[in-house]
Amino acid sequence: GIDFASFTGYMFLGICLVLLTSFPFLRMLYWNKKLYNKESIEIVELKHEILVWRQTAQRINPASREETAVKCLLMQKVLNLENLLRKMMKTFQRQISQEDKNWEQNIQELQKKHRITDKVLLVKCASVLGVVIFMFFLNSF
């Protein structure tokens, strides 16, 4: 049973408190961390495959010569996959560092590519939104 202005007034204090606490907390949490997209699906799948092969090799108890040979083959497969993963990670890190160096250029390209093309439509939408919010407040009084 409250109107829009009362609701906005009650929520304003809570929103301000959340903003005042979350911004410093997030700034502290991500102070010196570079935020990138997750690893590629190939790297994730390769890590999972290495984990599966390693667990399989660890479950083998070498009681006979054949079991020892199988375990050695599985561990060799794990080592080969880990070498491949290292190469893929180096490539991934190089791509990230290259993107890191070109971030200003990337932002400029994005700004050129995704400009607001219809400024009249933007003004119309902002005006309608402003009128609607004003009407909500006007209805409250």
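Tutor: Buried means under 20% relative accessible area, exposed over 50%, and partly exposed in between, with a 1.4 Å probe and protein chains only. This is a predicted model: local features need pLDDT of at least 70, side-chain atom pairs count only at pLDDT 80 or more, and totals for chains, interfaces and linings use all residues. Residues are numbered from 1 along each chain as its sequence is written, and side-chain values use heavy atoms, without hydrogens and water.

Student: Why is Glu 82 called buried?

Tutor: Its relative accessible area is 18%. Buried means under 20%, so Glu 82 counts as buried.

Student: What makes Arg 54 and Glu 82 a salt bridge?

Tutor: The rule asks for a side-chain nitrogen of Lys or Arg within 4 Å of a carboxyl oxygen of Asp or Glu. Here N to O is 2.1 Å, so the pair meets the rule. Arg 54 lies in helix α2 (residues 41–59) and Glu 82 in helix α3, so the pair ties together parts that are 28 residues apart in sequence. Helices are DSSP runs (H or I, at least four residues), numbered from the N terminus.

Student: Why is Arg 54 called partly exposed?

Tutor: Its relative accessible area is 27%. That falls between 20% and 50%, so the term is partly exposed.

Student: How do you know that Arg 94 is exposed?

Tutor: Its value is 53%. Exposed means over 50%, so Arg 94 qualifies. Arg 94 is found in helix α3 (residues 65–101).

Student: And why is Met 11 called partly exposed?

Tutor: Met 11 has 39% relative accessibility, so the in-between class applies. Met 11 is found in helix α1 (residues 4–29).

Definitions and conventions:
Helices (H or I, at least four residues) and strands (E, at least two) are DSSP runs, numbered from the N terminus.
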